[in-house]
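Please read them with the structure open.

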Amino acid sequence: MKEKYIRTFGNSYICNSPNNKKLMDIFVSQCKSHGVMYRPEEIFAYENEFDVSDGQTSIFDTND
């Protein structure tokens with residue numbers, strides 16, 4: 001098993017599926033049909049719109 005892995009992926013930390021194209025097509029199609037962002041640059045741009053100057057919200061915070 002180890003030898004097969006090394007032959008297939010070498011020392012790569014990224015191991016794409018042999019079906020990567022088909023799986024990504026399904027993923028993109030589903031994201032689009034449900035209005036979900038999937039492009040990293042779009043997600044990070046959206047994330048940067050939030051003001052985090054007050055710090056992270058805690059589950060123990062109350063509005064009382």
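1. The protein chain exposes about 6600 Å², and carbon and sulfur atoms supply 56% of that area. Accessible areas come from the Shrake-Rupley method with a 1.4 Å probe, and for residues only the protein chains shown count as cover. Of the 64 residues in the protein chain, 5% are buried. Here buried means under 20% relative accessible area, exposed means over 50%, and partly exposed is in between (1.4 Å probe, protein chains only).

2. This is a predicted model, in which local features need pLDDT of at least 70 and side-chain atom pairs count only at pLDDT 80 or more, while totals for chains, interfaces and linings use all residues. Residues are numbered from 1 along each chain as its sequence is written, and side-chain values use heavy atoms, with hydrogens and water left out.

3. The protein chain has 3 helices and 0 strands, and its pattern along the sequence is α-α-α. Helices (H or I, at least four residues) and strands (E, at least two) are DSSP runs, numbered from the N terminus.

4. A search of the whole structure finds 2 aromatic pairs. In one of them, Tyr 5 and Phe 9 are tilted, with 5.0 Å centre to centre and 50 degrees between the planes. Tyr 5 and Phe 9 are separated by about one helical turn because they sit 4 residues apart in helix 1 (residues 2–9). Tyr 5 is partly exposed at 37% relative accessible area, and Phe 9 is also partly exposed, at 26%. The other pair, Phe 27 and Tyr 38, is edge-to-face, at 6.5 Å centre to centre and 85 degrees between the planes. Phe 27 belongs to helix 2 (residues 20–33) and Tyr 38 to the loop between helix 2 and helix 3, so this pair ties together parts that are 11 residues apart in sequence. Phe 27 is partly exposed, with a relative accessible area of 40%. For the terms: rings of Phe, Tyr and Trp (its six-membered ring) pair if their centres lie within 6.5 Å, and planes under 30 degrees apart count as stacked, over 60 as edge-to-face and the rest as tilted.

5. How many salt bridges does the structure hold? There are 2, a salt bridge being a side-chain nitrogen of Lys or Arg within 4 Å of a carboxyl oxygen of Asp or Glu. Asp 25 forms one with Lys 21, where the closest N and O atoms are 3.0 Å apart. These two residues are 4 apart in helix 2, so about one helical turn separates Asp 25 from Lys 21. Asp 25 is partly exposed at 42%, whereas Lys 21 is exposed at 60%. Arg 39 and Glu 42 meet in a salt bridge at 3.6 Å, N to O. Arg 39 is partly exposed at 38%, as is Glu 42 at 33%.

6. Met 37, Ile 43, Tyr 46 and Phe 50 make a nonpolar surface patch of about 370 Å². Patches are made of residues with over 30% relative accessible area and no salt bridge; like charges are joined within 9 Å, nonpolar side chains (Val, Leu, Ile, Met, Phe, Trp, Tyr) within 5 Å. Phe 50 lies in the segment after helix 3 (40–47) and is partly exposed, at 49% relative accessible area.

7. The structure holds 0 disulfides, the criterion being a pair of cysteine sulfur atoms within 2.5 Å. Cys 15 is partly exposed at 33% relative accessibility, whereas Cys 31 is buried at 8%.
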